[in-house]
Amino acid sequence: MNITKNMLPESKYGLKSPYKMKPTRIVVHNTANDAPAKNEIAYMIRNDKQVSFHYAIDDKEIVQGIPEDRNAWHSADGPNGKGNREGIAIEICYSKSGGTKFDNAEKLAAKFIAEKLKEYSFGIDKVTKHQDYSGKYCPHRTLDKGWQRFLDMISAELNNEQVEPSNDTINELKLLLDTLNEELKVYKNTITAKDSEISKLNKEIGDLKAKLDKVKDIVN
Ligand SMILES: [Zn+2]
């Protein structure tokens, strides 16, 4: 999965990411905006508000702004809240106007969250929403469209796990391909040799026929 990084400078850790963190959950948000992910992250980094989040995801791109082992301020559950201190915050973009761009951003977010659940060995119960921590109606459009529906999208991604072949498997296959190519070469050589034998034989037959014709002429 391709992640674009635009990381918060350490000089801003004090304001936006003061604590080390061991993630225990995902916290889902909607931006309530119509900007692409890279703008959301750039703005988060640039402004001097105490608001921060780890990832913004739009219909095309996943952009990271804060490392997963540092906290971010996004859940409005205070300096010691589980959301703010243990949650990987994910902002889904284009939620203000919705439409295809938002739908595709949700799809990409579901894929990404499924990856994270696998990576951290989290169950689907570790996918939480901003609303769980402060009562704010966020992720607003995802909630409008159905929270369970979004969880089901993540579960579907988990179930339709594509097994990527290991490097060992790829190397074995390459070796096998090389062997097959060698064997093919040998066969091709054999066929070429047989072809030249056949044309030699054909020539000999031709010579014999010519001789036979001469003998026939003499006899007649
Ligand atoms: Zn939120």
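A residue is buried if 20 or more other C-beta atoms lie within 10 Å of its own, exposed if 12 or fewer, and partly exposed in between. Met21 has 19 C-beta neighbours inside 10 Å, so Met21 counts as partly exposed. The model is predicted. Two domains divide the chain: domain 1 (3–159) and domain 2 (165–220).

**Overall shape and domains**

- Along the principal axes, the C-alpha atoms fill a box of roughly 120 × 35 × 30 Å.
- Domain 1 and domain 2 have C-alpha centres 66 Å apart.
- Of the 220 residues, 29% are buried.
- Take the contacts between residues at least 6 apart in sequence: 71% of these join residues at least 24 apart.

**Secondary structure**

- The protein holds 8 helices and 6 strands.
- Read from the N terminus, the order of elements is β-α-β-α-β-β-α-β-α-β-α-α-α-α.

**Nonpolar core**

- The largest nonpolar core contains 33 residues.
- Ala56, Ile57, Ile90, Ala109 and Ile113 have the most contacts inside this core.
- Several elements each supply at least two residues of the core: the strands β2, β3 (55–57), β4 (62–64) and β5 (87–92), and the helices α2 (37–46), α4 (100–120) and α7 (147–159).
- The largest share, 8 residues, comes from α4.
- Ala109 touches Ile57, Ile90 and Ile92, leaving aside residues up to four places away in sequence.

**Surroundings of Met21**

- Met21 sits in the loop between α1 (13–16) and β2 (25–30).
- Leaving aside residues up to four places away in sequence, Met21 touches Asp69, Arg70, Asn71, Arg85 and Glu86.
- Pro67 is 46 residues from Met21 in sequence, yet their C-alpha atoms are 9.4 Å apart in space.

Terms used. Residues numbered from 1 in each chain as written. Predicted model: local features only at pLDDT ≥ 70, side-chain atom pairs only at ≥ 80, totals over all residues. Helix = DSSP H or I, 4+ residues; strand = E, 2+ residues; numbered from the N terminus. Contact = placed C-beta atoms within 7 Å. Domains from an automatic or database assignment. Core = buried A, V, L, I, M, F, W, Y, C linked by C-beta atoms within 7 Å.
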